[in-house]
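User: Could you walk me through how to read a few features of a model like this one?

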Amino acid sequence: MKQFNTTAVCIPSKHYMVDLSERVKEIKKLVDAGKYFTINRARQYGKTTTLFALRRELGTEYEVLNLDFQGLGNASFETEEKFCSGFVGLILNKLEYELIRIPEEIIEQLKCFITQRDNKLEDLMRVIRRWCNKTDRPVVMFIDEVDSATNNQVFLDFLALLRDGYISRDTEEIPTFQSVILAGVTDVKHLKLKIRPNDEHKLNSPWNIAADFDIDMSLSEAGIKGMLDEYEAEHHSGMDTAAIAKSIREYTNGYPFLVSRICELIDKDVVKNMTLSQAWTGYGIDEAVKLILAENNTLFESITKNLNERPAIKASIRSILMEGTRLTWNPDQEDIVQMQMYGLIRNDHNTVRVANRIFETRLYNLFLSEEEMKNSVFSREGELAKNAFVEDGKLNMRLIMERFIETYTKVCGPLEERFKEKDGRELFLLYLKPIINGTGNYYIEARTRDQTRTDVIVDYLGQQYIIELKIWRGERYNTEGEKQIIGYLEYWNLNTGYMLSFNFNKKKQIGVERVQLGDKVLFEGTV
């Protein structure tokens, strides 16, 4: 029976996976047109799985040389000689298992790079051109995990020769690869900063001949549903596959690893504490997300490493999340380019957004933990009082707001004009986090995060709570806020909502009051 998979390559015969056939057809069009290009996406974004599917699609028309630079050690990039030997070794490994067809005379020429010394890249490319000339099918080369090579000059020289071969193919009809596909996190087109300035013919980057690769590799709601339909046909859980797919997509924005990880955790872990039909519900998804946020998987390790190594990027992400800063999308801004390259952000109507809801919450937890390490009194107060806030498995959100207001008034005193909306958001989340920690999840609604208001949505044991945080701007703005939160209550099929206002009016009434608006109830708290 198939399984959900989050390690290495997803194989259709073994794993439940989204149908990639349409994506592969779009990529094949680039190959058929003879394009060279890079598939650069964040870690665990389905690059290797896509290349596997593409190789099977191309296999009837092309000779596919599928290489992985993880098979080369660092020493292979020290000199041309070592690179040629290591590169040819990868080819001969494929040949040994009959994964590639090469004319016998070319095989013998390739073997010379293993035994001889002082091999040059030009010699290697000359043999490759002979191969491309003698084979009865065009040759396509994949190189996966090119990140291990991008800091090495010999790799840049190799790219430059591929570039020269590409140009000669079209201008002088000299045979070479039909298509070259490089896959990794790093966008190889941005390597020109590392090229030797005295090497004039490479000043424009050795990969400036690459075609743009703008194919969406995220998993669509329809694609996720198709995967769940296949699972449901075998397991008969009774799930609403369309609704579950929609919810998973909302949490992940189609990030392949996160999609598969949610499904994997529901199927293996969440189901241990409930029936299969209960696990494949919105509540089961929330439980899986809670497990993801608590685990230290390789994806999160990579994100944390990249942020710690790049303080400027970390500061930008923190500003977006904690301060509601709006950054305009600018593909020429280096921090934005790198944040996108690492999968941290996306372009949302020309505005920078964190890539998905799970990343947002994980990063909020990171930044809040840094504040907790400073012995935040709000975190301690929330932890000490948390047992008072749960009644019959439900949060008493009104009481939480009342106690938060009491803590704020006791610790901080009157609001001052220099107070910012982000201050209130951060302090409230510091207070809330230990109360729901281990049992519930929270996230910030991206569509309302700005300099005037924020919606915090809490999932706690299958129950949703919507709390709008805002700075008091007057009665008219408050009325607009009430209308907006009523709209969210309608969307979530809830009857009760919460508003927490930070009010500078000296005549304000501190506390929480109950407001009836039609058939909805709002508890409006004022600090």
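Predicted model: local features only at pLDDT ≥ 70, side-chain atom pairs only at ≥ 80, totals over all residues.

User: How much space lies in the largest pocket, and which residues are closest to its centre?

Analyst: Rolling a probe the size of a water molecule over the atoms shows where empty space is left. A pocket is an open set of points on a 1 Å grid over the protein atoms alone, where a 1.4 Å probe fits, with protein on both sides within 12 Å along at least five of seven lines; lining residues have an atom within 4 Å of a point. Grid points are joined across faces, edges and corners, and the volume is the space filled by probe spheres set on them. Here the largest pocket holds about 860 Å³. It is lined by 33 residues, and Asn40, Arg41, Phe213, Trp329 and Gln340 are the closest to its centre.

User: Is arginine 318 buried or exposed?

Analyst: Buried means under 20% relative accessible area, exposed over 50%, and partly exposed in between (1.4 Å probe, protein chains only). Arginine 318 has a relative accessible area of 19%, so it is buried.

User: What does arginine 318 touch?

Analyst: Contact means heavy atoms within 4.5 Å. Not counting residues up to four places away in sequence, arginine 318 touches Glu323, Phe367, Glu371 and Glu426.

Conventions
Residues numbered from 1 in each chain as written. Heavy atoms only, no water.
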